[in-house]
Amino acid sequence: SRGDAMLPAVSARNSGCDILLVIHGCDELLEREPLEMQNTISALLRHCPARLVFSSRSRMGPGCGQFKVIHHELGGLQPTDAARLFLLRSPRPLRWKEVLSCGNRAAVSKVEDENAEVVLQKENEKEVLQMIGSHPALRRLKGAPLALIELASDMGHLTLTDLAYAGQNPQTSQLPPAG
């Protein structure tokens, strides 16, 4: 396998050393080639004392041979933290009409201009973050940081309402630009 080619270099370089190998985002490998990945991991562990940490949205199968696999599920961000991450990663500011489009009109006190940018202020921060975190576009992601960052990157040409609509209709391949 492809992994066998790296084993001599890894074991020769690291003999006698403890290694922690972190592999982030293993979803595609686990879906496409689960047996090859498991065989590579088993071969790596036979040649080199290491501890491995994988991040994946799906579970790894039971077959790593003689090696123990422990699954530890991590929860997503809380809604207000998800909203904060989304706002930090969005390439453009949100407008109140995007936030209020899903029935949150009564939730924020004193929105004078729906076309105005959402600005977090000391007196409204908690309320605004809760509202954005409860928006369907963010809520469906269940606090997954990578998914929130990907969603935020789409904000350059789409509205939050477009993104909520796209999440409800997986067949939607192309949405009109934000306007």
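Residues are numbered from 1 along each chain as its sequence is written, and side-chain values use heavy atoms, with hydrogens and water left out. Because the model is predicted, local features need pLDDT of at least 70 and side-chain atom pairs count only at pLDDT 80 or more, while totals for chains, interfaces and linings use all residues.

**Salt bridges**

A search of the whole structure finds 4 salt bridges, where a salt bridge is a side-chain nitrogen of Lys or Arg within 4 Å of a carboxyl oxygen of Asp or Glu. The table lists some of them, including the pair Glu 28 and Arg 32.

| Pair | N to O distance |
|---|---|
| Glu 28 and Arg 32 | 3.3 Å |
| Arg 32 and Glu 33 | 3.9 Å |
| Arg 84 and Glu 125 | 2.8 Å |

Glu 28 and Arg 32 both belong to helix α2 (residues 27–32) and are 4 residues apart, about one turn of the helix. Helices here are DSSP runs of H or I with at least four residues, numbered from the N terminus. An α-helix has 3.6 residues a turn, so residues three or four places apart point the same way.

Accessibility is given as relative accessible area: buried means under 20%, exposed over 50%, and partly exposed in between (1.4 Å probe, protein chains only). Glu 28 is exposed at 51%, as is Arg 32 at 53%, whereas Glu 33 is partly exposed at 22%.

The bridge between Arg 84 and Glu 125 links distant parts of the chain, with Arg 84 in helix α4 and Glu 125 in helix α6 (residues 125–133), 41 residues apart. Arg 84 is partly exposed at 35%, and Glu 125 is partly exposed at 27%. Elsewhere, salt bridges that share partners join Glu 28, Arg 32 and Glu 33 into one network.

**The buried face of helix α4**

Helix α4 spans residues 79–89, and its buried residues are Ala 82, Ala 83, Leu 85 and Phe 86. Seen down the axis of α4, these residues fall within an arc of 165°, so they line one face of the helix. The arc is taken from the directions from the helix axis to the C-beta atoms.

**Glu 98**

Glu 98 lies in helix α5 (residues 96–100) and is buried, with a relative accessible area of 4%. Its side chain is joined to that of Arg 92 by a polar contact of 2.8 Å. A polar contact is a pair of N or O atoms within 3.5 Å; within protein, one must be able to donate a hydrogen and the other to accept it, and residues adjacent in sequence count only if both atoms are side-chain atoms. Leaving aside neighbours within four places in sequence, Glu 98 is in contact with residues including Pro 93, His 135 and Met 155, contact meaning heavy atoms within 4.5 Å.

How values were computed
Helices (H or I, at least four residues) and strands (E, at least two) are DSSP runs, numbered from the N terminus.
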